[in-house]
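This report examines selected features of one protein chain.

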Amino acid sequence: MELVELDALATARAVRSRAVSAVEVATAHLERAERLSAFVGAYARLTPELALAQAGAVDAAVARAEVVGPLAGVPCPIKDLSPVSGVGFEAGSAALRGNIADVDDDIVGWFAAAGTVLLGKTATPEFGLPCYTEPEGAPAARTPWDLTRSAGGSSGGAAAAVATGLAPIAHGSDAGGSIRIPASACGLVGLKASRGRISAGRLRPPGPGLGSDGVLTRTVADTAVALDVLAGHGVGETYLAPPPAATFLDAARREPGRLRVGVLTTPVIAEADVHPACLAAVRATADTLAGLGHQVDEAPVPFPVERWTAFGALWAVGAASIPLPEAAEPVLRPLTRWLRETGRATSGVEYATAAAAVQRLTLEVALAWDGFDAILTPTLAQPPSLVGALRNDADPAADFAAQTRFTPWTSVYNLSGRPAISLPLHTAEVDGRRLPIGVMLGGRFGAEEVLLSLSAQLESAVGWQHPFVSQDPN
């Protein structure tokens, strides 16, 4: 197989066995990225010198018969919301143009300790705020399935890179769906871990606990091994998830047993139309689950739509809290300025009320869903959106509302702290193009092992393999 078609675990096996060198793997991905990144808007910048130096170090360690990490020689770019020392760090914003990071985010070191090779920084929208990736002065991130359509966001560049073979695995982050949304748009696996499963590290305060780092991958097993790599590093954590019984990769390789799965296709956070293809994907997955022997029942809506407004308050205050000089405000995107203005206008009492509302929602979700081992929903209400379709610079409030209608399930898991995974089990013909349609499985708090085991079973039952673009996107 072409080196760029190998998944992360297969790449690491090939490097450890010396069937191929890490330098060869890095070179193949760098060459492909240099040709194709602009077409799909994957990378904010490549770091070839750093990548080849890291790959050479992996090869030297393998030659000395040293123990190397589980992802030895695996190319893994970092989303441009996390700094890498000596590398450009602009967070998708013109306000930070030309900024160079002087320190590594902790997650950069965790990936490096696992043996990964840093190819570059992937594109993100301004400060990761919208669910589309259209950074100022740079190409929009597009799904390689149809270059007129968005790769989603905010980890859109990461998803575009993995789906196009510019990396086998890529770092992402998810505070409202930002790993799962692009996973659905690009036909990938994307897990948002339980609150506290992956530390925010020493540079970033955990805040209200909406966000989690993670990865975009082409297989459930790659997602599982990445979770093994990233989990358990925190010290003095604000939030803690219970440790797994074994490794997450072990969980992905064992049968889940008979589970009770709840099915929900009613939008939760917004009143939204759901595309027939998204409903069909859920029905087909429910039928597969029943065929595998699982009990499949209807799940209730956990809370009324209007109660979700607590998320909006926390999101806006988070945007307002981004440390920027006053001179930067005029060059920010209209959506960012609107969110920051909304956040600054939110009183301390209003913020405290929103935080308390989130705690109540967490309880309501548990009461509604803890009787199920997993909850099945569409990942998105629609197929991948056309580039620019959600963005509305003239009316940022309408832009934000359109995003909620597009993603009416994802942020439930950020609010409740529960794990959720988007799976690429289905495709549909939409406007003459075959597009990926993700389905999402959510679990009880701390139950990533169950989700990974069930996800791997579904992956095998459906026979999903990432359909590599046989021709270069153009």
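## Packing of H10 and H12

In this predicted model, the axes of helix H10 (residues 309-320) and helix H12 (residues 348-369) come within 8 Å and cross at roughly 130°. The pair is therefore classed as oblique. The handedness of the H10 and H12 crossing is left-handed.

H10 contributes Ala310, Ala313, Leu314 and Val317 to the contact, while H12 contributes Tyr351, Ala354, Ala355, Ala357 and Val358. By class, the residues of this contact are nine nonpolar, no polar and no charged. In general, residues three or four places apart in an α-helix point the same way, because such a helix has 3.6 residues a turn.

Helix H5 (156-163) is mostly covered, with eight of its eight residues buried. These buried residues are Gly156, Gly157, Ala158, Ala159, Ala160, Ala161, Val162 and Ala163.

The buried residues of H5 pack against both helices and strands. The helical partners are H2 (22-40) and H6 (180-186); the strand partners are E1 (43-46), E3, E4 (169-174) and E6 (212-217). Just after H5, glycine 165 adopts a positive phi of about 80°.

## Backbone features in the loop between E3 and H5

Most residues other than glycine have a negative phi, and most peptide bonds are trans. The loop between strand E3 (120-122) and helix H5 contains serine 154, which is joined to glycine 153 by a cis peptide bond with omega of about 10°.

Phenylalanine 127 also lies in the loop between E3 and H5. Its phi is near 55°, a positive value in a residue other than glycine. Phenylalanine 127 counts as buried because its relative accessibility is 14%, under the 20% cut-off.

## Aspartate 431 between E10 and E11

A positive phi is also found at aspartate 431, where the value is near 50° in a residue other than glycine. Aspartate 431 is placed in the loop between strand E10 (420-430) and strand E11 (433-443). Is aspartate 431 buried or exposed? With a relative accessibility of 70%, aspartate 431 counts as exposed, the cut-off for that class being over 50%.

Glutamine 403 belongs to helix H13 (residues 396-406). At 6% relative accessibility, glutamine 403 counts as buried.

Leaving aside residues up to four places away in sequence, glutamine 403 touches Leu129, Pro130, Cys131, Tyr132 and Leu335.

## The chain as a whole

The protein chain comprises 15 helices and eleven strands. Its radius of gyration is 21 Å, close to the 23 Å that the globule rule gives for 474 residues, so the chain is as compact as a globular protein of that length. Taken along the principal axes, the C-alpha atoms of the protein chain fill a box of roughly 60 × 60 × 50 Å.

Of the 474 residues in the protein chain, 60% are buried. As for contacts between residues at least 6 apart in sequence, 80% of those in the protein chain join residues at least 24 apart.

Technical notes
Residues numbered from 1 in each chain as written. Predicted model: local features only at pLDDT ≥ 70, side-chain atom pairs only at ≥ 80, totals over all residues. Heavy atoms only, no water. Axes fitted to C-alpha atoms, helices over the stretch in contact; angles between N-to-C directions. Helix = DSSP H or I, 4+ residues; strand = E, 2+ residues; numbered from the N terminus. Parallel < 35°, antiparallel > 145°, perpendicular 65-115°, else oblique. Left-handed = near helix turned anticlockwise from the far one by under 90°. Contact = heavy atoms within 4.5 Å. Nonpolar A, V, L, I, M, F, W, Y, C, P; charged D, E, K, R; others polar. Buried < 20%, exposed > 50% of the residue type's maximum accessible area, 1.4 Å probe, protein only. Rg over C-alpha atoms; globule rule 2.2 N^0.38 Å.
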